[in-house]
Amino acid sequence: MSAIPDAEALYTTLLSGVKALMRPDTKLVGITSGGAWLVERLQKDLGLAGAPGIISSAMHRDDFARRGLSASAQTALPFDVNGADVLLLDDVLYTGRTIRAVLNELFDFGRPACVRLAVLVDRGGRELPVAADFAATTLTLPDTQLLALARADNGAFSLKVEDNK
């Protein structure tokens with residue numbers, strides 16, 4: 001297994017990558033829950049007005065029957081999706097199934113002009129043809145392990161590895 005990188009250092013790299021992807025009208029949208037934590041901090045650190053968008057994959061997951069509704073935040077998009085330049089943010093890109101579900105959710109709200117993706121960690125293992133426009137790092141883990149972003153009470157990020165049960 002690769003060493004688990006420092007999530008705060010990765011956040012700094014992600015911030016630079018997101019700055020490079022930003023256009024004057026870009027709307028940031030975080031995927032619950034790790035991506036939502038990232039987008040809240042990015043919105044503030046980039047000095048963007050208003051609240052960022054939050055999007056949930058729960059209603060469009062192909063494993064909905066097994067997982068059900070998660071307790072995490074539901075979709076809140078404080079802008080008109082039609083014609084918008086959307087930059088999705090997530091903590092870990094793995095199989096691509098969450099991104100597929102999020103795109104379905106996003107299109108339920110309208111038809112954006114452009115949708116791009118930035119992630120903290122790309123761990124490979126794709127099952128669908130999904131690629132990030134920016135990844136702060138790539139990391140290889142066995143399929144038996146899950147990688148997730150954690151947020152401390154003070155807002156500091158860390159990455160944790162868990163066995164996939």
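The largest nonpolar core of this predicted model holds 26 residues, with Leu14, Val18, Leu42, Leu89, Leu120, Val121 and Leu159 making the most contacts inside it. A nonpolar core here is a set of buried Ala, Val, Leu, Ile, Met, Phe, Trp, Tyr and Cys residues joined through side-chain atoms within 4.5 Å, and buried means under 20% relative accessible area with a 1.4 Å probe, protein chains only. At least two residues each come from helix 1, helix 2 (34–45), strand 3, strand 4, strand 6 (145–151) and strand 7 (157–163); helices (H or I, at least four residues) and strands (E, at least two) are DSSP runs numbered from the N terminus.

Leucine 14 touches Leu38, Leu42, Leu89, Ala118, Val119, Leu120, Phe134 and Ala136, leaving aside residues up to four places away in sequence; contact means heavy atoms within 4.5 Å.

Now to helix 4. The buried residues of helix 4 are Ile99, Ala101, Val102, Glu105 and Leu106. They sit on the same side of helix 4 because they cover an arc of only 160 degrees around the axis, taken from the directions from the helix axis to the C-beta atoms. These buried residues pack against strand 1 (26–31), strand 2 (53–55), strand 3 (85–93) and strand 4 (114–122). After helix 4 comes glycine 110, with a positive phi near 150 degrees.

Residues are numbered from 1 along each chain as its sequence is written. Local features need pLDDT of at least 70 and side-chain atom pairs count only at pLDDT 80 or more, while totals for chains, interfaces and linings use all residues, and side-chain values use heavy atoms, without hydrogens and water.

Definitions and conventions. Buried means under 20% relative accessible area, exposed over 50%, partly exposed in between (1.4 Å probe, protein chains only).
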